[in-house]
Amino acid sequence: MDPKGWRVELNDGHLIPVLGFGTSALDEVPKSKTVEVTKLAIEAGFYHFDSAFIYNNEKEVGQAIQSKIEDGTVKREDIFYTSKLWLTFLRPELVQPALENSLRKLQLDYVDLYIIHYPMALKPGEEILPKDEHGKLTYDTVHLCATWEAMEKCKDAGLTKSIGVSNFNRRQLEKILNKPGLKYKPVCNQVSTFGLLSFLFFSSFFLHYCQIADIVIYSISALPSRVDQSSLVLLDDPVLCAMAKKYERTPALIALRYQLQRGVVVLVKSYNEKPIKENMQVFEFQLSSEDMKVLDGLNRNFRYVLLENVADHPEYPFSDEY
């Protein structure tokens with residue numbers, strides 16, 4: 001099946017491809033490699049790309065997209081591009097300039113989706129991760145709803161088609177959803193998962209809550225080295241491997257297909273040609289309802305906080321007075 005047809009409708013009427021390509025990479029990966037793999041992903045059939053200010057590669061991703069537009073491989077309207085608002089730009093007056101800066105790097109007139117990267121604010125300035133003399137992150141006091149109003153203005157200005165959030169829990173989502181005068185609901189909540197297994201990160205209850213609220217769960221895979229891997233369901237799990245043998249697919253494809261059938265939009269990431277192309281096979285088979293239940297049983301409701309010191313601020317430094 002043509003992956004271009006695999007899209008879901010967001011709550012503002014726009015369509016998002018269910019399979020996306022994540023562009024984050026380690027610092028040692030050459031910038032030229034980002035251009036190369038983004039072009040390769042487009043050629044393999046990816047139409048959905050995810051980047052962020054913190055990834056420091058939007059210029060290169062934009063170059064690759066422009067190159068494939070110019071050679072006729074795709075049109076701008078074929079591409080769904082997501083960018084993210086970094087934590088040092090959450091003051092309302094900094095939101096639109098941050099998006100405009102990303103657009104200049106990308107050589108685009110608009111992004112398809114702009115999301116708040118984390119539900120907390122860091123002190124504005126030159127440092128991406130500002131810290132005090134004790135090495136602790138320095139936070140800023142920002143009204144979460146004020147930041148959201150600035151996001152709404154970006155949508156109204158045509159700089160982004162849709163707006164959403166990332167790494168929000170239920171309480172933080174409800175701050176926005178219950179805001180007086182809310183103009184646009186978040187279309188998605190992007191969360192980090194491990195390997196490719198969404199059931200390691202969020203519970204079925206949280207997925208159901210987001211679905212009832214008409215907010216798409218948008219999953220980006222990650223396996224941080226600081227996680228105790230003995231606590232995770234990895235791709236060599238015997239249940240997953242047995243299922244892979246049954247369907248004559250790789251364990252990674254089984255995990256990926258599981259997410260898609262749960263109604264989760266998934267980002268995959270690779271800087272190697274073979275797995276980039278292999279990921280497109282996820283549209284060639286379907287898991288039975290019985291096998292979906294088996295994979296549901298692997299849920300460990302495990303969550304990992306990706307930013308250090310965040311555990312010191314369980315409520316996050318947003319004012320509750322707004």
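**Nonpolar cores and helix packing**

In this predicted model, the largest nonpolar core has 78 residues. Phe46, Tyr81, Leu85, Ile254 and Leu287 make the most contacts inside this core. A nonpolar core is a set of buried Ala, Val, Leu, Ile, Met, Phe, Trp, Tyr and Cys residues joined through side-chain atoms within 4.5 Å. Buried means under 20% relative accessible area, exposed over 50%, and partly exposed in between (1.4 Å probe, protein chains only). Helix α8 (residues 251–261) gives the most to the core, with six residues. A second, separate core of 14 residues includes Leu10, Phe80, Val187 and Tyr218. Helices are DSSP runs (H or I, at least four residues), numbered from the N terminus.

In helix α6 (residues 204–212), Phe206, Leu207, Tyr209 and Cys210 are buried. Viewed down the axis of α6, they fall within an arc of 160 degrees, so they line one face of the helix. The arc is taken from the directions from the helix axis to the C-beta atoms. Exposed Phe205 and Ile212 sit on the face of α6 turned away from its buried side. Asp214 follows α6 and has a positive phi, near 65 degrees.

Leu144, Cys145 and Trp148 in α4 meet Gln172, Lys175 and Ile176 in α5. Contact means heavy atoms within 4.5 Å.

Residues are numbered from 1 along each chain as its sequence is written. Local features need pLDDT of at least 70, side-chain atom pairs count only at pLDDT 80 or more, and totals for chains, interfaces and linings use all residues, while side-chain values use heavy atoms, with hydrogens and water left out.

How values were computed
Helices (H or I, at least four residues) and strands (E, at least two) are DSSP runs, numbered from the N terminus.
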